[in-house]
Structures are given as structure tokens and as C-alpha cells.
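Biologist: Hi! Could you walk me through this model?
Modeller: Happy to. Here it is, and we can start with a term that we will need.

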Amino acid sequence: MKKNQKKIIAPSILSADFGKLAEEIKEVQDAGADWIHCDVMDGVFVPNITIGPVIVKAARKATKLPLDVHLMIIDPDRYLEDFRRAGADVITVHQEACPHLHRTLTKIKELGAKAGVSINPSTPISALNEVFGVADLILVMTVNPGFGGQKFIDKCREKISDLRDLKKKHGYKFIIEVDGGVSEKNIKDLSNLGAEAFVAGSAIFGSDSYEKIIAKMRKEVTK
């Protein structure tokens, strides 16, 4: 991110009411969201099944905001083109699911999307040493992926600050994103550690006012 560029708040539709998904997306857009985060799970890589390209396409019709599509699936290469055609602006794959990670990230960029890579809580950032210069975004999972509403894993804080230090030392351009247990209570701390994009599901969609909670989060990361 450029210096002084505002931090990115990305509501996760995993916690939205799918009975009125388009309305939910429009509401968080109007409330000040920057991106819309779409969690794709296959029931194999993670113990849950969620959405596919059809829902991402529906989300694309509901908003002009960037769609941040997080693929928690095995063999994601099979579906990169499908999600890009559906409207994904950022496509994030998991290091643990990609035996040829450099090729996968390169393919995403060739498709015209930003290329992201995510690591689970038990995966060290050293697993990404060879792709720091390729990735547009690195997503630090701060819960074990698969379900919304989980408790933040404190140990993951070190990864965020280590990535910040690596960016500064080597001039890497990737955005540091954090996903899992993010709320108005810890977002300032995460921002101070170096996080630049914040995925929040239940903290936003479970609130009484999307506008108030997003404004509160925004205030915390701009203090």
C-alpha cells in the first residue's frame, strides 16, 4: 500500500444473510466497506462447504467494490478462470493447497486479477520465501479456516509484524491482510502490527448497524 493510503475493511459475506445477499452487500457497501470478501470452501481442504462462482457472480452484480475471493479449496488452479470470469478482483489461494505456488500466482496475475496467498495458523511465513516478490497480497489466517465466529489466535500476531518488517527491509509490495476473529476490539492492535486489510464477518454482519461498526473500525485504524 502507498504511504498514507487508507486501510481496507473487507466484510466477509460468510456471515451475511444469504436470503438477501444482494441487499446485504449493498448495505455494507453504503456503510463504507472497501472490499467484499468471499470465502470459498470445498468441504475437503476445510471442514465446511460454502459458495462457488455462481454466488461470486451474484455478488459482482450487487456491487462495484472489489471482490476479494479467498479459495479454501484443494487444487484451486482448476477454478481460477471460473472465479475470474465471475468477477473476482483478488484471488487468494492457500500455500498448503498449491504444490506449484509460483505458477498458480502467476496464472492469477495473467488472468488480470490480483494474486493473493494465504497461510494457516500453523504455517510459518518462511513457507512463502520464494513468492514474496510475486504475491500482491498475503493473507494471515488468525483462526483455523472453515467457520466464522472463531476466537483470534494470539500467536499469529508475530506473523503480521514479521511480514511488515520483511516489506520494509526488502521493498516488497504485497498487502498484508488478516482474517479470523477481527473486530473493533483488536483491529487497532492489528493495524499497529502492520496489517493493512481486515476481513471481518460476524463482527460486521452480526452488529446492529453496519455503518456504525465500519465507522468505528475505520476510526480505530486511522488514529
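Modeller: Buried means under 20% relative accessible area, exposed means over 50%, and partly exposed lies in between (1.4 Å probe, protein chains only). This is a predicted model, where local features need pLDDT of at least 70, side-chain atom pairs count only at pLDDT 80 or more, and totals for chains, interfaces and linings use all residues. Residues are numbered from 1 along each chain as its sequence is written, and side-chain values use heavy atoms, with hydrogens and water left out.

Biologist: Thanks! Is arginine 164 buried, exposed or partly exposed?
Modeller: Arginine 164 is partly exposed, at 33% relative accessible area. Its side chain meets that of aspartate 165 in a salt bridge, 3.2 Å from N to O. By salt bridge I mean a side-chain nitrogen of Lys or Arg within 4 Å of a carboxyl oxygen of Asp or Glu.

Biologist: And how many salt bridges are there in the whole structure?
Modeller: The search finds 13. One of them joins glutamate 81 to lysine 107 at 3.6 Å, N to O. That pair links distant parts of the chain, 26 residues apart, with glutamate 81 in helix α3 and lysine 107 in helix α4. Helices (H or I, at least four residues) and strands (E, at least two) are DSSP runs, numbered from the N terminus.

Biologist: What does β2 pair with, and through how many bridges?
Modeller: Six bridges join β2 to β3 (residues 67-72), and the two run parallel. Isoleucine 36 stands opposite leucine 67 there.

Biologist: Last one: which residues touch the most others in the largest nonpolar core?
Modeller: Val69, Leu71, Leu105, Leu190 and Ile204 do, out of 63 residues. Helix α8 gives the most to this core, with five residues. A nonpolar core is a set of buried Ala, Val, Leu, Ile, Met, Phe, Trp, Tyr and Cys residues joined through side-chain atoms within 4.5 Å.

How values were computed:
Pairing = 2+ DSSP bridges.
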